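Thank you all for making the time this morning. I would like to walk you through one model, beginning with a single residue and widening the view from there.

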Amino acid sequence: MAQDATAPARAHNLVEAAVAGDRLALARLLTAVENRTPLAEAALREMYPLAGRAHLVGITGPPGAGKSTLVAALLALVRAAGRPVAVVAVDPSSPITGGALLGDRVRMQAYAGDRDVFIRSMASRGHAGGLASTTTAAAAVLDAAGFDLVLIETVGTGQSEVEVAAAADTTVVLEAPEMGDEVQAIKAGLLEVADLVVVNKGDKPGALRTAAQLRAMLAPTVGRSAIAAGRPQPKRPEILVTTASTGDGVPELLAALDRHRTTARDGEAASARRTRAEAQVRAILSERLADRLRGAHLTALHDALVAEVADHHLDPYTAADRLLEAMAAQVT
Amino acid sequence: MTDRPIKVLIAKPGLDGHDRGAKVLARGLRDEGFEVVYTGLRQTPEMVATAALQEDVDVVGLSILSGAHMTLVPRITKLLQEQGMSDVLVTVGGIIPDDDVPSLKEAGVAAVFGPGTTIAQVADYLRSNAPTRD
């Protein structure tokens with residue numbers, strides 16, 4: 001903890017350099033964010049007011065659906081338009097060894113000399129939900145560094161990894177052709193949070209049929225009850241077909257992304273921003289609480305209460321309440 | 001932050017099209033608890049240096065079987081130094097004649113791993129020699 005005192009000054013230097021375009025400083029900041037160092041916290045405090053201008057686009061879908069290839073195809077178009085673009089690509093960490101193989105760059109190689117493309121791989125480091133716990137913060141750093149578009153590619157997801165919808169302004173869910181029947185499309189979960197659903201591998205048999213099924217099944221429910229009508233509305237995703245490997249349909253996807261960015265700035269995207277803000281505050285709050293629990297005085301109490309709960313001499317609710325009381329007593 | 005995973009870039013610069021060895025090593029290091037960025041075949045020195053910078057890796061492992069190491073490796077180490085990453089540990093694996101090893105080391109390579117090297121040897125070497133940063 002001896003480094004805490006110098007962290008704000010070192011963070012300030014790195015932030016200044018990164019915002020001025022120093023890519024190594026930016027990379028080092030992202031490392032600090034991933035490792036949750038004191039420097040990262042100081043840097044994020046400073047960068048947060050600078051962020052909020054980029055369009056954050058989440059790209060999710062099952063493994064092998066073509067997320068990385070689609071990101072590469074988008075990069076080509078976005079760079080042709082001269083916009084600076086960053087990618088955060090998350091791959092899973094091993095639950096057994098903690099190691100990870102980050103292989104998304106394989107499909108995104110063509111931009112070595114282009115300083116307006118910045119690609120960063122992240123290991124999920126034990127976080128479930130399709131992202132790493134620090135992905136939102138990493139996207140904010142890239143946003144503050146001046147990238148106009150930040151593409152957030154999740155790990156290969158299943159049906160319920162909806163976290164990306166809170167991390168992004170616009171969520172793209174990728175599907176591959178013939179991955180399931182119509183019942184798959186009406187299950188709750190990932191498809192409900194999509195702003196755009198993309199059937200990739202459009203050159204494969206069944207792609208158009210899959211898209212037609214999705215269009216039919218994801219159409220808004222008519223005749224909702226008064227109670228349901230009062231609740232948040234499910235999204236009404238546009239369904240597109242792309243072949244990322246050839247680029248077919250990708251210009252239409254980019255146009256749809258840009259449309260969603262403008263039209264939804266005050267509507268859905270605003271609520272996504274609010275959800276994201278809430279998630280960030282809550283995550284930090286629970287981290288802070290956990291830190292507080294590790295304090296000398298509370299650790300002893302915590303361990304004693306846990307032992308009592310383990311022996312069934314105390315119930316877990318009372319134990320939690322006592323810890324909260326002890327924490328409150330400490331503050332005052 | 002002593003328990004954070006060491007981040008390694010495994011890259012195949014040059015034109016040889018054989019990356020089984022690189023993939024086996026990438027997978028092996030994953031199982032040893034490293035975070036491994038794999039970039040695929042046919043990388044230019046610029047691509048390797050850019051990936052190393054953007055990923056802010058601790059180690060760059062270059063796999064070369066084509067015989068072009070005396071051209072490619074010094075270019076990569078020079079680019080890394082130019083972009084302020086002279087603290088990155090650079091290692092080379094593949095078919096490297098013993099006579100070339102001293103010049104590669106002079107160019108900034110920390111270790112050369114030839115055929116027969118085990119995953120454990122590489123992992124232990126990287127754990128002992130990767131730069132420590134906060």
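Let me begin with A:Leu26, which counts as buried because 27 C-beta neighbours lie inside 10 Å of it, where the cut-off for calling a residue buried is 20 or more. Please keep in mind throughout that this is a predicted model. A:Leu26 lies in helix α2 of chain A, and, if we leave out residues up to four places away in sequence, A:Leu26 touches A:Ala18, A:Phe118 and A:Ala145. To give you a sense of scale, the C-alpha atoms of A:Leu26 and A:Ala185, which are 159 residues apart along the chain, are separated by 40 Å.

The next residue along, A:Ala27, sits in helix α2 of chain A too, a helix that runs over residues 23-34. A:Ala27 has 21 C-beta neighbours inside 10 Å and therefore counts as buried. Which residues does A:Ala27 contact, leaving aside its neighbours within four places in sequence? They are B:Leu53, B:Gln54 and B:Asp56, so named with the letter of the other chain. That brings us to the interface, where 27 residues of chain A are in contact with 29 residues of chain B. The elements of chain A that give two or more residues to this side are α2, β3 (100-102) and β4 (117-123), and the largest share, six residues, comes from α2(A).

Following α2(B) comes B:Asp56, whose phi is positive, near 50°.

Let me go back to chain A and to the way its helices pack. Helix α1 of chain A, residues 7-19, packs against α2(A) at an angle of about 130°, and their axes are 7 Å apart. That angle makes α1(A) oblique to α2(A). The residues that make this contact are A:Leu14, A:Ala17 and A:Ala18 on the α1(A) side, and A:Ala25, A:Leu26, A:Arg28 and A:Leu29 on the α2(A) side. The crossing of α1(A) and α2(A) is left-handed.

A second pair in chain A is α4, residues 67-80, and α10, residues 250-263, whose axes come within 10 Å and cross at roughly 70°. That makes α4(A) roughly perpendicular to α10(A). Here the contact is made by A:Ala73, A:Leu74, A:Leu77 and A:Val78 of α4(A), and by A:Val250, A:Pro251 and A:Leu254 of α10(A).

Beyond its neighbours within four places in sequence, A:Ala43 is in contact with A:Ala11, A:Leu14, A:Val15, A:Leu29 and A:Ala32.

As for the division of chain A, domain 1 covers 1-50, domain 2 covers 51-221 + 232-264, and domain 3 covers 294-331. The C-alpha centres of domain 1 and domain 3 of chain A lie 35 Å apart.

Conventions:
Residues numbered from 1 in each chain as written. Chains lettered and ligands numbered in written order. Predicted model: local features only at pLDDT ≥ 70, side-chain atom pairs only at ≥ 80, totals over all residues. Contact = placed C-beta atoms within 7 Å. Helix = DSSP H or I, 4+ residues; strand = E, 2+ residues; numbered from the N terminus. Buried ≥ 20, exposed ≤ 12 C-beta atoms within 10 Å, placed from the backbone. Axes fitted to C-alpha atoms, helices over the stretch in contact; angles between N-to-C directions. Parallel < 35°, antiparallel > 145°, perpendicular 65-115°, else oblique. Left-handed = near helix turned anticlockwise from the far one by under 90°. Domains from an automatic or database assignment.
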